[in-house]
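Hi,

Here is the structure I said I would pass on. Have a look at it first, and my notes follow below.

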Amino acid sequence: MANYIVGDIQGCFDELQCLLAQVQFQPQQDTLWVAGDLVARGPKSLETLRFIKQLGSAARIVLGNHDLHLLAVSQGIHPCKPRDKTLPILQANDAAELLTWLRHQPLLAEHADFVMCHAGISPLWDLETARQAAKEVESILQSDRWCWLIEQMYSNTPDMWSSKLEGIDRYRYTINAYTRMRFCFADGRLDMACKLPPQEIKDEELLPWFALPKRIKLDKTALFGHWAALKGYRSKEVIGLDTGCVWGGCLTMLRWEDKHYFTQPALTHKG
(Lines give C-alpha, C1' and ligand atoms only; values in the text may rest on other atoms or scores of the structure.)
Protein backbone atom coordinates (compact mmCIF):
# COMPACT_ATOMS: atom_id res chain seq x y z
CA MET A 1 0.00 0.00 0.00
CA ALA A 2 1.53 3.28 -1.12
CA ASN A 3 0.54 6.92 -1.39
CA TYR A 4 1.56 8.63 -4.63
CA ILE A 5 1.31 12.42 -4.86
CA VAL A 6 1.42 14.09 -8.28
CA GLY A 7 1.68 17.74 -9.25
CA ASP A 8 -0.50 19.64 -11.73
CA ILE A 9 -1.74 17.30 -14.45
CA GLN A 10 -3.52 19.98 -16.50
CA GLY A 11 -4.84 17.56 -19.07
CA CYS A 12 -1.50 15.75 -19.53
CA PHE A 13 -3.30 12.43 -19.38
CA ASP A 14 -0.79 10.37 -21.35
CA GLU A 15 2.07 11.45 -19.09
CA LEU A 16 -0.01 10.55 -16.04
CA GLN A 17 -0.62 7.07 -17.44
CA CYS A 18 3.11 6.64 -18.08
CA LEU A 19 3.87 7.60 -14.48
CA LEU A 20 1.26 5.24 -13.08
CA ALA A 21 2.68 2.43 -15.18
CA GLN A 22 6.18 3.32 -14.02
CA VAL A 23 5.22 2.93 -10.36
CA GLN A 24 2.91 -0.03 -11.06
CA PHE A 25 0.00 1.78 -9.43
CA GLN A 26 -2.63 -0.58 -8.04
CA PRO A 27 -5.94 1.20 -7.26
CA GLN A 28 -7.06 -1.73 -5.13
CA GLN A 29 -4.32 -0.95 -2.61
CA ASP A 30 -2.61 2.36 -3.52
CA THR A 31 -3.85 5.95 -3.34
CA LEU A 32 -3.24 8.68 -5.91
CA TRP A 33 -3.15 12.22 -4.51
CA VAL A 34 -3.48 15.05 -7.06
CA ALA A 35 -2.42 18.58 -6.07
CA GLY A 36 -5.09 20.38 -8.10
CA ASP A 37 -5.37 21.70 -11.65
CA LEU A 38 -6.51 18.48 -13.22
CA VAL A 39 -7.59 20.43 -16.30
CA ALA A 40 -6.66 23.20 -18.77
CA ARG A 41 -3.96 23.85 -21.34
CA GLY A 42 -3.12 20.17 -21.91
CA PRO A 43 -4.77 18.07 -24.65
CA LYS A 44 -6.77 15.58 -22.59
CA SER A 45 -8.58 17.31 -19.74
CA LEU A 46 -11.76 15.31 -20.33
CA GLU A 47 -9.92 11.99 -20.18
CA THR A 48 -8.12 13.13 -17.03
CA LEU A 49 -11.36 13.99 -15.23
CA ARG A 50 -13.05 10.77 -16.22
CA PHE A 51 -10.09 8.63 -15.18
CA ILE A 52 -9.58 10.18 -11.76
CA LYS A 53 -13.29 10.21 -11.03
CA GLN A 54 -13.58 6.50 -11.78
CA LEU A 55 -10.72 5.75 -9.38
CA GLY A 56 -13.19 6.49 -6.58
CA SER A 57 -11.63 6.21 -3.13
CA ALA A 58 -8.25 5.36 -4.67
CA ALA A 59 -7.88 9.04 -5.63
CA ARG A 60 -7.68 12.10 -3.41
CA ILE A 61 -7.66 15.48 -5.12
CA VAL A 62 -7.82 19.16 -4.22
CA LEU A 63 -9.18 21.98 -6.33
CA GLY A 64 -6.85 24.28 -8.22
CA ASN A 65 -7.47 27.65 -9.87
CA HIS A 66 -8.02 26.05 -13.30
CA ASP A 67 -10.54 23.62 -11.84
CA LEU A 68 -12.50 26.45 -10.25
CA HIS A 69 -12.30 28.45 -13.47
CA LEU A 70 -13.76 25.52 -15.39
CA LEU A 71 -16.76 25.63 -13.06
CA ALA A 72 -17.14 29.34 -13.79
CA VAL A 73 -16.95 28.73 -17.54
CA SER A 74 -19.57 26.00 -17.26
CA GLN A 75 -22.02 28.59 -15.90
CA GLY A 76 -21.24 31.24 -18.51
CA ILE A 77 -19.50 33.45 -15.93
CA HIS A 78 -16.43 33.52 -18.18
CA PRO A 79 -16.02 32.45 -21.81
CA CYS A 80 -14.35 29.19 -22.75
CA LYS A 81 -10.93 30.14 -24.12
CA PRO A 82 -9.53 27.95 -26.89
CA ARG A 83 -6.09 27.80 -25.23
CA ASP A 84 -7.61 26.09 -22.19
CA LYS A 85 -8.74 23.14 -24.32
CA THR A 86 -11.63 22.42 -21.95
CA LEU A 87 -14.48 22.64 -24.48
CA PRO A 88 -14.64 18.81 -24.83
CA ILE A 89 -15.58 18.63 -21.14
CA LEU A 90 -18.44 21.08 -21.56
CA GLN A 91 -19.70 19.23 -24.63
CA ALA A 92 -19.43 15.75 -23.14
CA ASN A 93 -22.55 13.69 -22.41
CA ASP A 94 -21.36 13.27 -18.83
CA ALA A 95 -20.42 16.96 -18.35
CA ALA A 96 -22.94 17.59 -15.57
CA GLU A 97 -21.82 14.49 -13.69
CA LEU A 98 -18.13 15.38 -14.01
CA LEU A 99 -18.60 19.01 -12.96
CA THR A 100 -20.77 18.06 -9.99
CA TRP A 101 -18.10 15.62 -8.89
CA LEU A 102 -15.42 18.28 -9.34
CA ARG A 103 -17.10 20.92 -7.19
CA HIS A 104 -17.51 18.38 -4.40
CA GLN A 105 -13.74 18.05 -4.07
CA PRO A 106 -11.91 19.82 -1.22
CA LEU A 107 -9.38 22.65 -1.07
CA LEU A 108 -7.35 20.80 1.55
CA ALA A 109 -6.74 17.06 1.79
CA GLU A 110 -5.11 15.50 4.80
CA HIS A 111 -3.04 12.40 5.54
CA ALA A 112 -1.67 11.38 8.93
CA ASP A 113 1.74 12.74 7.88
CA PHE A 114 0.99 15.50 5.37
CA VAL A 115 -1.54 17.98 4.05
CA MET A 116 -2.04 18.70 0.36
CA CYS A 117 -3.39 21.82 -1.33
CA HIS A 118 -2.95 23.43 -4.73
CA ALA A 119 -1.05 26.70 -4.23
CA GLY A 120 -0.21 26.74 -0.54
CA ILE A 121 -1.39 27.40 2.98
CA SER A 122 -1.54 30.99 4.16
CA PRO A 123 1.56 31.72 6.25
CA LEU A 124 -0.77 33.36 8.79
CA TRP A 125 -2.78 30.16 9.38
CA ASP A 126 -2.15 27.39 11.83
CA LEU A 127 -3.41 23.98 10.75
CA GLU A 128 -6.72 24.26 12.56
CA THR A 129 -7.45 27.62 10.93
CA ALA A 130 -6.49 26.19 7.54
CA ARG A 131 -8.91 23.31 8.04
CA GLN A 132 -11.75 25.57 9.10
CA ALA A 133 -11.24 28.06 6.26
CA ALA A 134 -11.23 25.25 3.71
CA LYS A 135 -14.41 23.69 5.12
CA GLU A 136 -16.25 27.02 4.97
CA VAL A 137 -15.62 27.36 1.24
CA GLU A 138 -16.18 23.68 0.51
CA SER A 139 -19.59 23.73 2.18
CA ILE A 140 -20.74 26.51 -0.18
CA LEU A 141 -19.24 24.88 -3.28
CA GLN A 142 -21.20 21.74 -2.44
CA SER A 143 -24.46 23.63 -1.89
CA ASP A 144 -26.97 25.35 -4.18
CA ARG A 145 -25.10 28.64 -3.53
CA TRP A 146 -22.02 27.51 -5.42
CA CYS A 147 -22.63 29.65 -8.50
CA TRP A 148 -22.75 32.79 -6.36
CA LEU A 149 -19.38 31.94 -4.83
CA ILE A 150 -17.75 31.11 -8.16
CA GLU A 151 -18.97 34.37 -9.67
CA GLN A 152 -17.70 36.44 -6.72
CA MET A 153 -14.27 34.82 -6.33
CA TYR A 154 -12.50 36.86 -9.04
CA SER A 155 -10.69 39.55 -7.07
CA ASN A 156 -7.27 40.06 -5.48
CA THR A 157 -8.78 41.53 -2.31
CA PRO A 158 -8.67 41.20 0.57
CA ASP A 159 -4.97 40.38 0.56
CA MET A 160 -4.51 40.15 4.35
CA TRP A 161 -5.95 37.52 6.65
CA SER A 162 -7.93 38.45 9.73
CA SER A 163 -10.09 36.19 11.85
CA LYS A 164 -12.64 39.03 11.64
CA LEU A 165 -13.10 38.64 7.89
CA GLU A 166 -16.66 37.72 7.03
CA GLY A 167 -18.72 36.60 4.05
CA ILE A 168 -17.32 36.85 0.56
CA ASP A 169 -14.16 38.63 1.75
CA ARG A 170 -13.32 35.67 3.96
CA TYR A 171 -14.14 33.11 1.25
CA ARG A 172 -12.22 35.00 -1.43
CA TYR A 173 -9.10 35.23 0.71
CA THR A 174 -9.30 31.49 1.36
CA ILE A 175 -9.72 30.65 -2.33
CA ASN A 176 -6.84 32.92 -3.32
CA ALA A 177 -4.53 31.45 -0.67
CA TYR A 178 -5.35 27.86 -1.54
CA THR A 179 -5.43 28.15 -5.33
CA ARG A 180 -3.49 31.24 -6.51
CA MET A 181 -0.86 32.23 -3.93
CA ARG A 182 2.85 32.28 -4.73
CA PHE A 183 4.53 35.28 -3.10
CA CYS A 184 3.69 37.22 0.04
CA PHE A 185 4.93 40.49 1.43
CA ALA A 186 6.91 40.42 4.65
CA ASP A 187 3.83 41.31 6.71
CA GLY A 188 1.91 38.34 5.29
CA ARG A 189 -0.13 40.13 2.61
CA LEU A 190 -0.72 38.08 -0.52
CA ASP A 191 0.85 39.21 -3.80
CA MET A 192 -1.26 38.06 -6.72
CA ALA A 193 0.83 39.56 -9.54
CA CYS A 194 4.27 37.97 -9.59
CA LYS A 195 4.82 34.54 -11.18
CA LEU A 196 8.62 34.62 -11.52
CA PRO A 197 11.03 32.14 -9.96
CA PRO A 198 12.16 33.37 -6.51
CA GLN A 199 15.76 33.84 -7.70
CA GLU A 200 14.61 36.46 -10.21
CA ILE A 201 12.85 38.64 -7.64
CA LYS A 202 14.53 41.97 -7.00
CA ASP A 203 11.92 43.29 -4.57
CA GLU A 204 13.22 42.26 -1.14
CA GLU A 205 9.71 42.68 0.25
CA LEU A 206 8.46 39.67 -1.73
CA LEU A 207 9.07 36.17 -0.45
CA PRO A 208 7.65 32.75 -1.35
CA TRP A 209 4.72 32.05 0.98
CA PHE A 210 6.62 29.18 2.58
CA ALA A 211 9.73 31.31 3.26
CA LEU A 212 8.14 34.07 5.36
CA PRO A 213 9.97 34.35 8.70
CA LYS A 214 6.62 34.90 10.43
CA ARG A 215 5.03 31.84 8.83
CA ILE A 216 3.19 29.71 11.38
CA LYS A 217 4.71 26.25 11.35
CA LEU A 218 2.46 23.27 10.75
CA ASP A 219 2.88 19.89 12.38
CA LYS A 220 2.66 18.17 9.00
CA THR A 221 4.50 18.49 5.69
CA ALA A 222 2.64 20.71 3.21
CA LEU A 223 2.49 19.39 -0.36
CA PHE A 224 1.47 21.73 -3.19
CA GLY A 225 1.57 22.32 -6.95
CA HIS A 226 0.68 25.46 -8.95
CA TRP A 227 4.12 27.04 -9.19
CA ALA A 228 5.80 25.63 -12.29
CA ALA A 229 8.56 28.25 -12.19
CA LEU A 230 9.89 26.65 -9.01
CA LYS A 231 10.61 23.50 -11.04
CA GLY A 232 9.87 21.55 -7.90
CA TYR A 233 10.73 22.40 -4.31
CA ARG A 234 11.82 20.06 -1.53
CA SER A 235 12.30 20.67 2.16
CA LYS A 236 11.32 18.84 5.32
CA GLU A 237 8.31 21.11 5.86
CA VAL A 238 7.19 21.95 2.31
CA ILE A 239 7.27 20.06 -1.00
CA GLY A 240 6.32 21.60 -4.34
CA LEU A 241 5.44 19.13 -7.10
CA ASP A 242 4.54 21.24 -10.14
CA THR A 243 7.35 20.80 -12.67
CA GLY A 244 5.53 22.26 -15.67
CA CYS A 245 4.58 19.23 -17.74
CA VAL A 246 2.01 21.25 -19.67
CA TRP A 247 4.75 23.75 -20.59
CA GLY A 248 7.11 21.08 -21.90
CA GLY A 249 8.69 20.16 -18.55
CA CYS A 250 7.79 16.95 -16.80
CA LEU A 251 5.15 15.43 -14.55
CA THR A 252 6.48 14.63 -11.09
CA MET A 253 5.17 12.09 -8.60
CA LEU A 254 6.29 11.42 -5.03
CA ARG A 255 5.91 8.09 -3.28
CA TRP A 256 5.42 9.18 0.28
CA GLU A 257 6.54 6.06 2.08
CA ASP A 258 10.17 6.16 0.89
CA LYS A 259 10.24 9.74 -0.46
CA HIS A 260 11.19 8.51 -3.92
CA TYR A 261 10.45 10.84 -6.84
CA PHE A 262 9.37 9.67 -10.28
CA THR A 263 9.28 11.87 -13.38
CA GLN A 264 7.79 11.63 -16.85
CA PRO A 265 8.96 14.17 -19.44
CA ALA A 266 6.27 15.88 -21.49
CA LEU A 267 5.49 13.83 -24.57
CA THR A 268 4.82 17.00 -26.58
CA HIS A 269 5.11 20.72 -25.85
CA LYS A 270 1.53 21.68 -25.08
CA GLY A 271 1.04 24.96 -23.24
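**Helix packing, a sheet and some rings**

Helix 3 and helix 5 cross in the left-handed sense. Keep in mind as you read that this is a predicted model. On the helix 3 side (residues 65-74) and the helix 5 side (residues 95-103), the axes come within 10 Å and cross at roughly 135°. Angles over 145 degrees would count as roughly antiparallel, and helix 3 and helix 5 are therefore oblique to each other.

Which residues make the contact? From helix 3 they are D67, L70, L71 and S74, and from helix 5 they are L99, L102 and R103. Sorted by class, that gives four nonpolar residues, one polar and two charged.

Five strands make up an open sheet with mixed pairing, and their order is 4-5-9-11-10. Strand 4 (109-110) and strand 10 (233-234) are at the edges with a single partner strand each, so one side of each has no neighbour in the sheet. Further in, strand 9 (residues 221-224) pairs with strand 11 (residues 238-240) in the parallel sense, over three bridges.

Last, the aromatics: the count is 15 pairs. Take F210 and Y233: their ring centres are 4.3 Å apart and the planes are at 35°, so this pair is tilted; the cut-off for stacked is under 30 degrees. F210 belongs to the loop between strand 8 (206-208) and strand 9, while Y233 is in strand 10, so the pair ties together parts 23 residues apart in sequence.

Cheers

Conventions
Residues are numbered from 1 along each chain as its sequence is written. This is a predicted model: local features need pLDDT of at least 70, side-chain atom pairs count only at pLDDT 80 or more; totals for chains, interfaces and linings use all residues. Side-chain values use heavy atoms; hydrogens and water are left out. Two strands pair if DSSP finds at least two bridges between them. Helices (H or I, at least four residues) and strands (E, at least two) are DSSP runs, numbered from the N terminus. Axes are lines fitted to C-alpha atoms, for helices over the stretch in contact, and angles run from 0 to 180 degrees between N-to-C directions. Angles under 35 degrees count as roughly parallel, over 145 as roughly antiparallel, 65 to 115 as roughly perpendicular and the rest as oblique. A crossing is left-handed if the near helix is turned anticlockwise from the far one by less than a right angle, and right-handed if clockwise. Contact means heavy atoms within 4.5 Å. Ala, Val, Leu, Ile, Met, Phe, Trp, Tyr, Cys and Pro count as nonpolar, Asp, Glu, Lys and Arg as charged, and the others, Gly among them, as polar. Rings of Phe, Tyr and Trp (its six-membered ring) pair if their centres lie within 6.5 Å; planes under 30 degrees apart count as stacked, over 60 as edge-to-face and the rest as tilted.
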